[in-house]
Amino acid sequence: MFATFLHRGMAAGLLAGLLCGFFAFFLGEPVVDGAIQVEEATAADHQMEASANHGHEEIFSRSTQKVGLLFATSLFGVTVGGIFGMVYAYFRSRLLSNSEWSRSLSLTSAAFFGVFLIPFLKYPANPPGVGSPETIGSRTTEYFAMVTLSLVVVVSTWYVARELRARGMSTPVRQLVVALGSVVVIGVLYSALPAGPDPGEFPAGLLWDFRLSSLGTQVIFWAGLGVIFGFLNERYARKAST
Amino acid sequence: MERSVSPKAISLGEIPWWSWLVLVLLLVVLFLALSASGDLLAPLIGKAAYATDYLHEFTHDGRHLLAIPCH
């Protein structure tokens, strides 16, 4: 069971990763190019060597990095899809949904909130040129701490809702209690964790466009994973039952 | 209707041992692909960390667009 869902998760994740990679390639890359121009112009203004940020790192040309984008989203897809498949194997019997299709969609939605959306609202994506290289250690730690805590919030929200349902609490009261509780916990997390990097004089419009294309990339990934994984399982379930 | 039957619940103890190994392996690959960089790892493992900059630079645009902190 675990091996089956692991394989299907990796396959679905690879396809979803490629899909969001193409989106990022066509809609995100022009914004990244714009951000790198701003970064280089700023570095020139401050009469620093271009090495301040990117200059010393020119291991790969920009066009190679754009191919690397597809590599990165595919690898992200395979690994996250594999983990998702095993988590699905564990939670499958515990979800209220009663078909493989709706189970897949509800678990990917939950994962989208926990892995991406809740952390993203606190630490939104930053283009090249925002955030200084010296703080990469703390920014990485904060981001992954936020991802872990968001996952804890999502899983405990689900667990509490399940317990309250089992105790026979009425639906409106239960949903209000659960929604309010999770919003309060997320609010506390947002104010307790340190702020993200200050974009300084980076153009606000370009920053917004970048964050929007980053959001789009992740939405496409999780939607793609839910749909493809659900479709695969649905197909095998139908085959098995005929 | 046959699909509305809930599948059998798997308890934590019934999770196959190898899936924990696979989980760790996948997390390591994910970290190398999306977060490892010389500047990040140098304080921990020294100069050898800069070897990961090849991966860092190759996956650079993907890291930024997937919203992961990148230098």
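A nonpolar core, as the term is used here, is a set of buried Ala, Val, Leu, Ile, Met, Phe, Trp, Tyr and Cys residues joined through C-beta atoms within 7 Å. In this predicted model, the largest such core has 56 residues. Those with the most contacts inside the core are Ala12(A), Ala16(A), Cys20(A), Phe76(A), Leu225(A) and Ile228(A). Its residues come from several places: α1, α2 (62–91), α3 (100–122), α4 (136–166) and α6 of chain A each put in two or more, and so does α1 of chain B. The biggest contributor is α1(A), whose share is 14 residues. Setting aside neighbours within four places in sequence, Ala12(A) is in contact with Gly81(A), Leu225(A), Ile228(A), Phe229(A) and Leu232(A). Two of these partners, Leu225(A) and Ile228(A), turn up again among the core residues with the most contacts.

Next, the helix pair. Helix α1 (residues 2–45) of chain A packs against helix α6 (residues 204–241) of chain A, with the axes 7 Å apart and an angle of about 170° between them. Since angles over 145 degrees count as roughly antiparallel, that makes α1(A) roughly antiparallel to α6(A). As for what lines this contact, its residues split into 20 nonpolar, 11 polar and 2 charged.

Zooming out to domains, chain A is assigned domain 1 (2–132 + 203–241) and domain 2 (135–196). Their centres, taken over C-alpha atoms, sit 22 Å apart. Where the two meet, 10 residues of domain 1 are in contact with 15 residues of domain 2. On the domain 1 side of that meeting point there are 6 nonpolar residues, 3 polar and 1 charged. The core described above takes in both domains of chain A, drawing at least three residues from each.

Then there is the partner chain. The contact between the chains takes 47 residues from chain A and 39 residues from chain B. The largest share belongs to α1(B), with 8 residues. By type, the side of chain B that touches chain A has 21 nonpolar, 10 polar and 8 charged residues.

Key
Residues numbered from 1 in each chain as written. Chains lettered and ligands numbered in written order. Predicted model: local features only at pLDDT ≥ 70, side-chain atom pairs only at ≥ 80, totals over all residues. Contact = placed C-beta atoms within 7 Å. Helix = DSSP H or I, 4+ residues; strand = E, 2+ residues; numbered from the N terminus. Nonpolar A, V, L, I, M, F, W, Y, C, P; charged D, E, K, R; others polar. Axes fitted to C-alpha atoms, helices over the stretch in contact; angles between N-to-C directions. Parallel < 35°, antiparallel > 145°, perpendicular 65-115°, else oblique. Buried ≥ 20, exposed ≤ 12 C-beta atoms within 10 Å, placed from the backbone. Domains from an automatic or database assignment.
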